[in-house]
Amino acid sequence: MWYKILFLSMPVLFIYYDILYEMGLDWWRDENYSHGFLIPIVSLYLVAKRWDSLKRDPISPSWWGPVVVAWGLFVLIIGVAGAELFTMRISFIFVIMGLILCLFGKEVLKSLSFPIFFLVFMIPLPYIVYNSLTLPLKIIASKLAVYFLSPLGIPVFREGSIIYFPEMTLEVVEACSGIRSLMALIALGTLFSYFFQSSLLRRILLVSSTIPIAILANALRITITGVLAFYLGLKVAHGFFHYLSGWLVFLIAFVCLMLINICLNRIKG
C-alpha cells in the first residue's frame, strides 16, 4: 500500500510544487493569511485523532477516484488558463480526495472529509472576493467605532472609512478592515463546531456567530486606537499599543466564541 501512495503522490507533488510554494509565500508575506501555516498542521492532527477509527474502516478502492482526480486536474487547467490562483489551489484538494478514493475508497474518504474540508481555510481568497469584502468591513467598523467613541466624550465624525478628530484624522485602512480576524475566527468557529457540536443547526449558528464577533472586535480595536490617538497622539496609537490591542481584542473575540459554544451546549434538544 505504501508504495502505491508514494507512486501516486510523487507526480501530484511535482505538478503542484510551484503552486503550493507560492501559496506558502503568500502566508509569509501577507498577514491576512498567516494563519495558513496552521491549517495543514491542524488537519494532520485531526487525521491523527481518527487514526484508530481509520484503521477499522474497510479499504475498498473506488473507480470514482480517477474521475475526481481528473476533475481536479481539469480545474487546475482552467485555473492556469485564466491565471486564477484560487482555482489552481482549490484543485489540489479535489486531487487529494480523488487519490484517497483511488487508494482507500469511500469509507476512508468519509472519515477524512472534515480534515480535508478544513484545508480550504489555508487558501487565500480570490482577489475579487477579498476586495469586495474589505470596503464594507471598513465602513461598518468605522461606523461602530464612532458610535462607541461618542459616549466617551470624544468629538468625532466620520466620512467613509476616515474618522475625524478635532486635530487629527484616523483612517481605517485595508489592513484594519478586520478581514484577517474574520477569516481566522471562521476557521476557529468551524473547528469548534466539529469538536463540540453534534447538531447541524448548532454548528451553523456557531460558525455564523463568528461574523458579528469579528466585526465588533475590530470596531473595538479601532475604538481603542481612537482613544489612544485622542489622548496620547497618533504616534502612540499607531505604535506598540496598536499591535497589542489587536492581540487583546482577538483574545476577547476568542472568549466570546467559547461562551457562545457553551451556551449552545446548554440548550436542550
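## A walk through the fold

Let's start in β2, where Ile 163 is the bridge partner of Arg 158. What you're looking at is a predicted model, in which local features need pLDDT of at least 70 and side-chain atom pairs count only at pLDDT 80 or more, while totals for chains, interfaces and linings use all residues. Residues are numbered from 1 along each chain as its sequence is written, and side-chain values use heavy atoms, with hydrogens and water left out.

β1 and strand β2 (residues 162-164) pair in the antiparallel sense over three bridges; two strands count as paired if DSSP finds at least two bridges between them. Three strands make up the open sheet, in the order β1-β2-β3, with antiparallel pairing. At the edges sit β1 (157-159) and β3 (169-171), each pairing on one side only. On average, neighbouring strands here are turned by 25° against each other, direction ignored. Helix α8 (residues 127-149) lies across β1 and β2 and runs at about 170° to β1. For these angles, axes are lines fitted to C-alpha atoms (for helices, over the stretch in contact), and the angles run from 0 to 180 degrees between N-to-C directions.

Now zoom out. The protein's secondary structure comes to 12 helices and three strands, where helices (H or I, at least four residues) and strands (E, at least two) are DSSP runs numbered from the N terminus. Its C-alpha atoms fill a box of roughly 70 × 50 × 25 Å, taken along the principal axes. Of the 269 residues, 41% are buried; buried means under 20% relative accessible area, exposed over 50%, and partly exposed in between (1.4 Å probe, protein chains only). The accessible surface is about 15700 Å², and 73% of it belongs to carbon and sulfur atoms. Areas like this come from the Shrake-Rupley method with a 1.4 Å probe; for residues, only the protein chains shown count as cover. As for contacts (heavy atoms within 4.5 Å), take those with a separation of 6 or more: 72% of them involve residues 24 or more positions apart.

Much of α9 is tucked away: the buried residues include Ile 179, Leu 182, Met 183, Leu 185, Leu 191 and Phe 192.

Arg 180 and Glu 31 meet in one of them, at 2.8 Å from N to O. This pair links distant parts of the chain, with Arg 180 in helix α9 and Glu 31 in the loop between α1 and α2 (38-49), 149 residues apart. Arg 180 counts as partly exposed because its relative accessibility is 28%, whereas Glu 31 is exposed at 52%.

Back in helix α1 (residues 2-29), Asp 26 and Arg 29 are three residues apart, so they are separated by about one helical turn. Their side chains meet in a salt bridge of 3.4 Å, N to O. Asp 26 is buried at 16% relative accessibility, while Arg 29 is exposed at 55%. Together with Arg 89, Asp 26 and Arg 29 are linked in a network of salt bridges. Helix α3 (residues 51-56) holds both Lys 55 and Asp 52, again three residues apart, about one turn of the helix. The closest N and O atoms of that salt bridge are 3.8 Å apart. Lys 55 counts as exposed at 57%, and Asp 52 as partly exposed at 49%.

Two more stops. Ala 83 has a positive phi of about 55° although it is not a glycine. Most residues other than glycine have a negative phi. Ala 83 is found in the loop between α4 (64-82) and α5 (85-103), and counts as exposed at 63% relative accessibility.

Finally, Leu 232 has its place in helix α10 (residues 200-232). With 54% relative accessibility, Leu 232 counts as exposed.

Notes. Salt bridge = Lys/Arg side-chain N within 4 Å of Asp/Glu carboxyl O.
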